[in-house]
2 protein chains.
Amino acid sequence: MSGRSQVKISEDLRLCVEFRDVAAAALRISDHVVKTPLIANDELDRILSAKVLLKAETLQTTGSFKFRGALNRVLRMTPAERKGGIVAWSSGNHALAISAVAARNGIKATILMPSDAPRTKIEGAERFGGTVRLYDRATEVRETIGAEIAAATGAVIIPPYDDPDIMAGQGTVALELAEQARERGVSLEMLAVSCSGGGLAAGCVIAMNGASPDTRVFCVEPAGFDDTARSLASGRRESNAPGARSLCDALQVATPGELTFPVNQALLAGAVAVTDDEVRRAMRLAYDLLKLVVEPGGVAPLAAALAGKLDVAGKTVALVLSGGNVDHDTFARCIAV
Amino acid sequence: MSGRSQVKISEDLRLCVEFRDVAAAALRISDHVVKTPLIANDELDRILSAKVLLKAETLQTTGSFKFRGALNRVLRMTPAERKGGIVAWSSGNHALAISAVAARNGIKATILMPSDAPRTKIEGAERFGGTVRLYDRATEVRETIGAEIAAATGAVIIPPYDDPDIMAGQGTVALELAEQARERGVSLEMLAVSCSGGGLAAGCVIAMNGASPDTRVFCVEPAGFDDTARSLASGRRESNAPGARSLCDALQVATPGELTFPVNQALLAGAVAVTDDEVRRAMRLAYDLLKLVVEPGGVAPLAAALAGKLDVAGKTVALVLSGGNVDHDTFARCIAV
């Protein structure tokens with residue numbers, strides 16, 4: 001585990017998202033998002049020798065935190081922009097979120113999804129009203145297809161993480177969590193979140209820096225997709241090896257975001273990576289002990305804590321369970337002993 | 001669905017549990033139980049054309065509401081009684097609860113469980129520290145074995161439902177729920193809970209009668225084990241046919257409780273029964289939409305609402321998801337489409 005101390009924002013550091021943007025996002029979306037529960041479990045505390053609070057974003061509308069960012073972004077579209085529709089790309093959860101938010105606001109949405117995305121995510125996006133177009137991750141570039149659709153239709157591109165409004169929306173997870181911890185009289189020493197493009201991590205670290213500056217924020221990636229960890233080490237945006245595979249369908253990007261990485265580089269306390277076996281173990285524990293359905297990518301922080309990759313012992317820590325959209329056959333395989 | 005109006009407690013009706021007992025139980029156990037979240041889901045509301053609030057007792061310590069009653073009862077044991085230990089019988093969730101509560105209070109517990117109980121419940125009771133003795137439901141009478149153990153060891157018998165302290169403890173589910181609804185400014189028209197021996201139903205209807213008297217309380221049983229429904233109709237405690245089978249392992253008693261039935265008879269608005277297919281459908285929906293693991297017996301109220309057996313349309317209703325202890329292979333079969 002990286003040992004960086006909590007970094008404070010210096011006066012001359014300019015980031016694309018500030019605490020006030022997260023606070024404004026929270027206000028903007030508050031009537032429409034689920035205030036997800038912060039769940040404690042005595043047996044989990046014993047297993048980890050820690051006081052653990054789980055932020056169950058699995059219970060968010062559309063089954064993941066992505067609804068927050070999507071809603072915050074869409075609510076800022078102008079009437080003219082809304083007429084042109086939305087085009088978005090996503091491994092799944094951003095697709096579900098954009099589809100649902102667009103439908104609720106009477107906006108057309110075209111969603112690019114990899115053809116190997118979980119069925120529940122593809123079918124869910126369609127059920128919520130999105131027009132799904134599948135692409136081949138090996139041979140097609142989703143950004144290029146998205147740009148072509150936007151040019152042809154006048155649609156607004158809403159990317160999954162490299163967007164200040166998306167980042168601010170995702171940051172409301174940590175802002176809400178910090179408030180819930182305060183209501184319980186709990187002082188959080190650590191927060192860990194899943195990391196792919198880095199939007200959740202960036203939003204949350206900005207939120208925590210303002211709301212609970214002594215809380216060190218870590219991000220957790222899948223083995224083989226530890227681009228943020230390596231980028232934090234090298235100081236520049238590193239790429240993952242082509243052909244890498246992971247059970248965590250939601251956490252597979254090529255490289256950290258252009259906008260998210262500077263935030264994460266400035267403020268994150270560290271990054272760790274978890275294997276598929278560690279992810280399966282955490283999903284099984286979430287099933288057995290917590291009675292929660294958590295998807296592979298959503299359980300990564302819990303997996304890291306269970307694997308001893310986060311130094312939680314003796315601490316009060318919050319772990320975000322960021323999503324629960326997983327095909328039933330995959331889930332059944334993961335929880336089988 | 002039975003159409004009885006909410007019944008008020010008349011001045012001359014004496015029940016073995018009163019509202020003040022539930023309120024006292026809530027105070028007694030408050031430092032040790034999870035205040036379980038009241039979960040809303042927009043898509044579920046659309047499916048049921050209702051405003052639905054789910055009380056997720058699946059997230060309670062030991063994975064079911066039974067922890068509340070067990071704790072309330074054990075905390076009232078005298079020091080002398082504690083030395084003699086506890087003997088209890090249970091299809092599973094009461095076993096888990098008594099084992100955990102006893103261990104936390106340094107009390108020995110012997111638990112009688114049917115040999116066909118789910119593995120997760122048997123192993124869980126042992127893991128929590130209980131001494132499990134299996135019996136054959138077809139040939140042995142658990143009350144007799146329990147009485148023999150109590151006579152031989154001086155242990156206190158803590159039955160799963162026919163005990164005023166157990167009933168009062170289970171009633172804290174509804175008391176807490178009524179408070180959470182009030183905090184949200186919501187007026188509950190209906191509450192539905194699972195029913196086996198009737199302890200949860202009796203405790204909850206007492207609690208609601210005091211805390212939210214306009215809320216009509218229904219209980220839901222499995223088809224083949226609808227003894228409470230038939231007893232409410234006939235006015236006396238009816239038995240189920242021997243050899244009945246149900247997916248709901250937690251809801252299989254022979255007849256309503258001696259203490260619980262007079263309460264339920266006086267106050268319940270009605271009782272309905274659900275089939276195994278309806279239970280499976282509800283478990284699948286809880287998985288797909290709510291990301292919650294709910295056991296067959298725990299999902300019965302949601303199953304009844306989805307099957308149109310509770311008249312929820314247009315109403316604000318609360319459904320208790322009472323437990324989440326289910327073997328992974330059973331769960332995988334139930335959520336498969």
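## Close-up views of a predicted two-chain model

The C-alpha centres of domain 1 of chain A and domain 2 of chain A lie 23 Å apart, the domain bounds being taken from an automatic or database domain assignment. This is a predicted model, in which local features need pLDDT of at least 70 and side-chain atom pairs count only at pLDDT 80 or more, whereas totals for chains, interfaces and linings use all residues. Residues are numbered from 1 along each chain as its sequence is written, chains are lettered from A and ligands numbered from 1 in the order in which they are written, and side-chain values use heavy atoms, with hydrogens and water left out.

**View 1. The two domains of chain A and the contact between them.** Domain 1 of chain A comprises 19-65 + 163-335, and domain 2 of chain A comprises 66-157. Their contact (heavy atoms within 4.5 Å) takes 32 residues from domain 1 of chain A and 23 residues from domain 2 of chain A. About 2400 Å² is buried between these domains, with carbon and sulfur atoms giving 50% of that area; buried area is the accessible area (1.4 Å probe) that two parts lose on being put together, summed over both.

View 2. Eight salt bridges are counted between domain 1 of chain A and domain 2 of chain A, a salt bridge being a side-chain nitrogen of Lys or Arg within 4 Å of a carboxyl oxygen of Asp or Glu. In the salt bridge between A:R68 and A:E57, the closest N and O atoms are 2.6 Å apart. On the side of domain 1 of chain A that touches domain 2 of chain A, the elements giving two or more residues are helix 1 (19-29), helix 8 (164-183) and helix 14 (328-335) of chain A, where helices are DSSP runs of H or I with at least four residues and strands are runs of E with at least two, numbered from the N terminus. Helix 8 of chain A provides the largest share of that side, eight residues.

**View 3. The interface between chain B and chain A.** Chain B and chain A each bring 29 residues to their contact. Together they bury about 2300 Å², 54% of it on carbon and sulfur atoms. B:Y287, B:K291 and B:H328 supply 29% of the area that chain B buries against chain A, more than any other three residues.

**View 4. Salt bridges and helices at the chain interface.** Four salt bridges are counted between chain B and chain A, and the side chains of B:E43 and A:R127 meet in a salt bridge at 3.1 Å, N to O. Helix 2 (42-48), helix 12 (276-290) and helix 14 (328-335) of chain B are the elements that give two or more residues to the side of chain B that touches chain A. The largest share of this side, four residues, comes from helix 14 of chain B.

**View 5. The relation between the two copies.** The same surface serves both copies, since 100% of the contact residues of chain B recur in chain A.

**View 6. A salt bridge within chain B.** B:K55 and B:E176 form a salt bridge whose closest N and O atoms are 2.6 Å apart. B:K55 lies in strand 2 (residues 51-56) of chain B and B:E176 in helix 8 (residues 164-183) of chain B, so the pair ties together parts that are 121 residues apart in sequence.
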